[in-house]
Amino acid sequence: MQQPAARRAARVSGTRAFLVRRLTALLALTAFAFAALLAAYYGVSRNAGAVTGATAPAIVQIASVRDALAQSYDSARQGLGHGTADIEGPGEDYRSALSTANQNLAQAVKGTVAGDSGRQNLRTATGLVSSYADLVQQAYVNRGNPTLRDAYLGYAGAMLRSGGDSGILDRLDQLQRRQSGVLDRQVSFGWVLWLAWIVAGALFAALGRLLVDTQRFVRRRFRRLVNPFLAAATALLALLLPLAVFTGQIQDRLESARTLLAAGASGPATPQVLPEVRDTMQDTHWRAGVVGLIPLGGTVLAALVLAGLQPRIDEYRFQPR
C-alpha cells in the first residue's frame, strides 16, 4: 500500500517542480524577449522624431543661410553696378537676402545637430557675415571709384568663398556635411538594429514554442482541452508582426526624408523642403508612439502566464504523506 502512495507523492512532487521551473523559464524568457523587442523597435522609432524635429530643420537652416548669402553677393554686385546705386545702395534684394541669412544663422546656432564644435563654427560664421556686410558697405561708400568699389566687392566675395575652411560658405559646407552625417546615422538600419531584430525574433519563437509545449503538458496532466490564459499569452506573441511592419514603414519614410533633404536643401526649392519632409514623416509619429505599448504587452503576457500556471502549481502545494 505504501508503494503506490510513494509513487503518487513522487509524481506530485515532480509535477510541481516541473511547473515551477516552467513558470520561471517563461517569465524570464518573456522579460528577455520584450526587452529585445523594445530595443529593436525603439532603435528605429526614436529616429522619426529626431529627424523631423531637429535634424531636418538644422540642415534646411544651413542651406537657407548659404543660399541667402550667395544671393546677397550677386544682388550687391548688380546693385552697385547699376546707375541707381546712389539712391538704393546695394539694393533691396541685397538687404533682404542678408537679413534672411542673419535670421537663419541665429536659429541655426540654437538648433544645430553638429554639437558644440558646430555651434562654435556658426558663431564664427556669424562674425564673418558681419565683416562681409561691412565690406559691401565700403564698396557702396566708394561707389564713385570703380577700382576701390570692385576691390571691396572682391574682398567680400573672397570672404564668402576663400577656399579651404576659412570662407563663410566653406564653413557652412563643412558643418552641413557633419549634419548630413548625423542624418545618415539616424536613417541607417545598421547591423546593430538587424541584430536586435534577429535576437527579438529568435526569443519570440523560443517563447512561443515553450508556451505551446507547456499547454500540451497541462492538457495531458490536467485533462483540460485548453488553458485560456496560456492560449491568450501565445496569441499575444503576434504583437511582433505589426511592429515589424511598422518598423519597415518608418524606415521607408526616413529614407524618403533623407532623399528629399539631399535633393532639395541645396537648390532653389529650399523653403519647401521642410514642409515636404514633415508631410512625409507625419504618419510615422503614431507608429513611433507604439513603443510605449511594448512594456505593457510584456507585463500582460507575464500576467497571463502566471494566471495560467500558478493555480496548477497551487494544486500541488501540499503533497500527500
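Contact here means heavy atoms within 4.5 Å of each other. Keep that in mind.

This is a predicted model, where local features need pLDDT of at least 70, side-chain atom pairs count only at pLDDT 80 or more, and totals for chains, interfaces and linings use all residues. Residues are numbered from 1 along each chain as its sequence is written, and side-chain values use heavy atoms, with hydrogens and water left out.

First, the whole chain. Twelve helices, zero strands. Helices are DSSP runs of H or I, at least four residues long, and strands are E runs of at least two, numbered from the N terminus. Among contacts with a separation of 6 or more, 79% join residues 24 or more positions apart. The chain has 321 residues, and 44% count as buried. Buried is under 20% relative accessible area, exposed over 50%, partly exposed in between, with a 1.4 Å probe and protein chains only.

Next, one residue. Ser-72 sits in helix α1, residues 2–80. Is Ser-72 buried or exposed? Buried, at a relative accessible area of 0%. Beyond neighbours within four places in sequence, Ser-72 touches Tyr-94, Ala-97, Leu-98 and Tyr-132.

Last, a helix pair. Helix α8 spans residues 228–236 and helix α12 residues 293–315; they pack at about 155°, axes 8 Å apart. Axes are lines fitted to C-alpha atoms over the stretch in contact, and angles run from 0 to 180 degrees between N-to-C directions. So α8 and α12 are roughly antiparallel, a label for angles over 145 degrees; under 35 is roughly parallel, 65 to 115 roughly perpendicular, the rest oblique. Residues of α8 in this contact include Phe-229 and Leu-230.
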